[in-house]
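I am opening this notebook to record, entry by entry, what I looked up in the structure and what I found there.

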Amino acid sequence: MKVCLVTEELAGFQGSGGIGAAFYELALLLAKDPKNKVDILYCSVGEISAQLQNKMVALLKEKQINLSFLRAQAFVHPVDSIEGRAYAVYQTLKGESYDTIHFHDYKALGFYCFSSKKQGLAFGSSNLVLQMHGPTVWTTAINQSMYHEEGHLKLDHMERQCARDADYVVSPSQYLLDFLKEKADYSFPKKTCVIQNLGSVLVDELSMFSEISVERECNKVNEIVLFARHEDRKGFVKFCDAIDKLKDKILKNGVKVTFLGKFGQINGKHSGIYLANRAKSWNFQLSIYTDMHRNEAVKYLSANKNSLIVIPSEENSPYTVLEALLLNKAFITSSKGGAKELINKDTWQDCLADTDTNYDLTDKIASWIDSPKNVPLLSKTHKQIEDCWQLFHKKILAQKPEAAITTTQPLVTVGITHYERPDKLFDALDSIIQQTYNNIEIIVVDDGSKSESASQALNEIKGMFDGTQHRLIIQENAYLGAARNTVAKNAKGDYLCFLDDDDIAFPYLIEKLVKSIQYSKSDIVNCLNLFMDLSERENAIFQLEKYQQKVSYLPLGGPLSLACQENILGAATALIRKEFFDKVGGYTEDRGVGHEDYEFFFRALQMKGEIRILPEPLYLYEVGRPSMISNTSAFQNFDRVVSKIDPNLQPNACLDYIRLTVGKQARNLQAQRVEHSIAQTDFSDLALPIQRGDVWQHDEVRKQLVTYAIKIGAINAAKAFGEKSADLTFSVTKIKTEKNMQFRVLLVNKKYRELLSSLISFSIVKESHFLKVLKYYKAIFADEECHKQLGINDFNQLAKSLKPYYEGLAIEAQAARALKLKDEYETALNRLLQRDESEYLAMHSDVAAAVQNGDFKSGLLHFKSFGKKEGRVGFSNVASIDKEYLHASMESALNKMIAPQITSSKQSSKWTKFLNR
């Protein structure tokens with residue numbers, strides 16, 4: 001079997017989501033069978049370096065997969081449009097003989113491929129499969145957003161037509177099919193089925209670099225992981241709300257919170273800025289990883305057997321949930337959407353949450369923290385899913401392609417309208433005479449030409465037509481609409497096709513159009529053209545079939561909601577059923593105004609006519625000179641179209657256009673509001689460049705967020721943003737290499753105040769780095785002269801400058817000791833001891849209860865007497881700075897507290913009871 005998978009995403013390369021994982025898994029599964037030849041056509045959004053391309057090709061070749069890259073620039077200009085990429089896919093694949101070709105719904109890469117098969121043009125022996133992963137209309141609804149770009153309406157139209165035209169549709173969930181049918185008016189072919197996404201290859205790969213837990217019970221949760229991109233629809237805000245409510249429980253139980261997903265926008269705000277502000281009151285351990293690809297993320301998740309994964313969004317069939325199931329991980333996900341179809345019903349109770357409420361997600365997370373539970377199970381094993389996909393392809397191969405319909409050769413009337421261009425008229429006429437389709441009548445309508453050269457040419461044409469079925473009609477000048485109506489009134493053909501007198505038809509124009517309209521049963525079939533600059537005209541005609549040019553105009557045949565604003569329906573040369581032409585009412589006959597063909601197609605679509613686009617250039621369209629369009633009013637031209645809008649015919653199309661207009665306004669308003677609100681806050685100079693995208697490279701964004709989080713007092717967020725990238729941390733080596741000369745000069749010249757200022761100006765990220773800096777430059781504080789210049793005020797300045805970076809107690813103590821400030825040193829240590837006491841009680845609820853009941857006077861007393869022996873952790877901050885001070889404090893506490901306790905029989909009984917707990 002020869003299979004091709006066409007995808008915009010591919011797991012392990014660039015940014016990849018569920019689509020990339022699904023296509024990667026399927027390719028690897030099919031490639032396991034040596035009888036299969038598996039190709040991937042990778043349609044990357046951004047440019048890929050030659051080095052990365054070679055790496056990707058080599059890696060997949062080892063897995064018996066051939067990888068190629070879409071070269072859109074070879075077929076279309078410009079290359080960055082959604083229709084341009086779909087056309088390039090068609091041109092790339094149309095000559096190939098695949099048994100099966102897979103496309104994903106999102107971005108409609110198969111639009112022209114599906115349509116061309118419906119027109120009998122290509123892929124007659126191939127089965128075209130559309131995999132449903134979440135089209136634009138679903139994504140917008142789940143995001144509770146609105147279309148706010150014209151491209152959204154185009155995509156929606158293209159994705160819908162792909163679903164209608166596909167030979168087979170496969171969805172990983174019944175949920176998505178039901179949603180699209182019931183809420184989005186989608187139509188699917190009879191051969192539509194549900195097969196869950198594959199995960200078997202993932203399991204094989206994971207076993208190579210990590211150990212998958214075989215235990216069904218999750219022991220006490222020590223980490224909560226949001227496994228999702230930073231987006232509204234991914235439940236980001238709902239997760240943060242739950243964490244806010246649980247922050248005391250999280251801190252008390254020593255649970256870490258991790259955000260595992262790429263940056264995005266939350267209510268229009270950059271998620272990094274949003275997260276920094278949310279995290280200001282979070283005192284628990286926090287990690288933020290925003291640059292892991294799929295394999296890295298899965299490896300991270302599998303490394304901790306006691307982490308709880310949270311996936312709180314309504315999804316189709318999320319790979320994040322499938323991966324959690326395959327890894328035998330504890331997780332919570334939304335009870336809405338298709339995720340629950342992946343999970344065994346018997347295990348729904350603990351892992352499904354109603355994320356629309358304010359409490360269910362919080363309660364579910366709290367429940368996992370409080371007590372161990374069994375992890376959820378798959379509804380189907382990965383082996384069963386693998387068998388389903390294998391069986392699906394076997395059934396496809398067993399199905400014989402539908403027999404080609406028998407086409408006839410109905411009479412086609414070709415109308416050529418002419419005005420004062422006799423030389424070009426002969427070229428256009430000759431191109432029709434040379435057609436490979438035989439049953440044609442030609443009607444030339446001269447629209448009031450007065451020149452002698454035109455009269456001579458028309459007389460010559462009249463002589464040519466005498467004795468044939470072709471005709472010449474001469475009328476007073478009435479403009480193009482009237483001239484084409486004259487053709488239609490005199491036509492004997494079942495179909496009409498119009499050609500302007502300055503355009504040149506390829507020999508197969510009519511043959512292909514007739515075949516298309518009979519196969520597709522459309523009312524109108526339009527086609528593509530190649531722009532022919534006036535300066536290239538003679539050369540183009542001389543080598544007509546060899547003329548090379550990229551396609552510059554790609555009509556779509558809809559949607560009606562956008563057709564009033566942009567001609568997405570095609571140029572005038574199209575094949576129209578004569579009966580339907582009369583039903584629409586022909587062309588309007590406005591004088592001095594253009595867009596008559598555009599307006600006709602608009603009215604045809606408004607009357608629910610089907611317009612197909614044949615994705616081949618079938619004629620040359622002359623450009624490079626003043627035209628009727630350029631010489632008429634753009635306002636009048638578009639008003640000609642807009643004035644024909646009838647909301648009663650298709651009210652939903654009108655509503656879609658209104659929604660688009662309002663969506664644009666809402667997007668702009670939200671962006672303005674967010675930017676304004678950020679501009680009013682402190683440190684907006686750090687946040688605004690991130691929000692506006694002026695700072696956009698990943699490491700630079702994180703580095704800026706570190707500084708921003710520090711300034712607003714979100715210390716844990718600052719540490720988390722700086723955790724992964726080496727560029728964001730300070731090392732002694734870096735200071736030596738970059739600052740050594742500066743410090744040496746200042747030391748030699750005894751400019752201690754400048755030295756201190758320079759030290760303070762460092763962008764310190766972690767406490768430990770600053771301590772290393774102090775140690776490395778201890779000469780500053782050892783010099784007697786230094787103590788004369790640097791007094792208590794300078795020390796306070798140093799401590800004050802450090803506090804925005806972290807709580808600063810350990811730093812205060814270390815700096816005070818270095819500056820030989822005894823009183824300040826003991827004060828800082830006492831405050832640090834109090835913090836350690838609070839943390840110890842928060843980590844050990846039984847000790848906190850004993851202190852509250854009066855069994856112990858302090859956590860320090862318990863730690864000295866029992867905690868260390870029991871292996872409990874505590875008071876490490878004070879110990880890291882001054883173990884002797886900690887020991888002395890403990891001894892002092894014992895002398896003051898133990899004696900009174902053990903002399904009381906009542907207290908003694910409590911003591912014994914506590915020891916025997």
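Before turning to packing, I note that contact here means heavy atoms within 4.5 Å, and that I am reading a predicted model.

**Entry on confidence.** Confidence is highest in strand β24 (residues 574–577), at a mean of 98, and lowest in helix α41 (residues 905–915), at 39. I marked residues 801–807, where pLDDT stays under 50 and the model has 20 contacts beyond four places in sequence. I also marked residues 898–917, where the pLDDT is below 50 and the model has 27 contacts beyond near neighbours in sequence.

**Entry on α4.** I then asked how many of the eight residues of helix α4 (residues 111–118) are buried. I counted six, so the helix is mostly covered, with buried taken as under 20% relative accessible area. The buried residues are Phe111, Tyr112, Cys113, Phe114, Ser115 and Ser116, and they pack against α3 (82–93), β4 (100–104), β5 (127–131), α6 (150–165) and β25 (611–623). Just after α4, I found Gly120 with a positive phi of about 75 degrees.

**Entry on α9 and α14.** Last, I looked at helix α9 (residues 236–252) and helix α14 (residues 360–370), whose axes come within 9 Å and cross at roughly 40 degrees, in a right-handed crossing. On the α9 side I listed Lys238, Phe239, Ala242, Lys245, Leu246, Lys249 and Ile250, which meet Leu361, Thr362, Ile365, Ala366, Ile369 and Asp370 in α14. By class, this contact has eight nonpolar, one polar and four charged residues.

Note on methods
Residues numbered from 1 in each chain as written. Predicted model: local features only at pLDDT ≥ 70, side-chain atom pairs only at ≥ 80, totals over all residues. Heavy atoms only, no water. Buried < 20%, exposed > 50% of the residue type's maximum accessible area, 1.4 Å probe, protein only. Helix = DSSP H or I, 4+ residues; strand = E, 2+ residues; numbered from the N terminus. Axes fitted to C-alpha atoms, helices over the stretch in contact; angles between N-to-C directions. Left-handed = near helix turned anticlockwise from the far one by under 90°. Nonpolar A, V, L, I, M, F, W, Y, C, P; charged D, E, K, R; others polar. pLDDT = per-residue confidence, 0-100.
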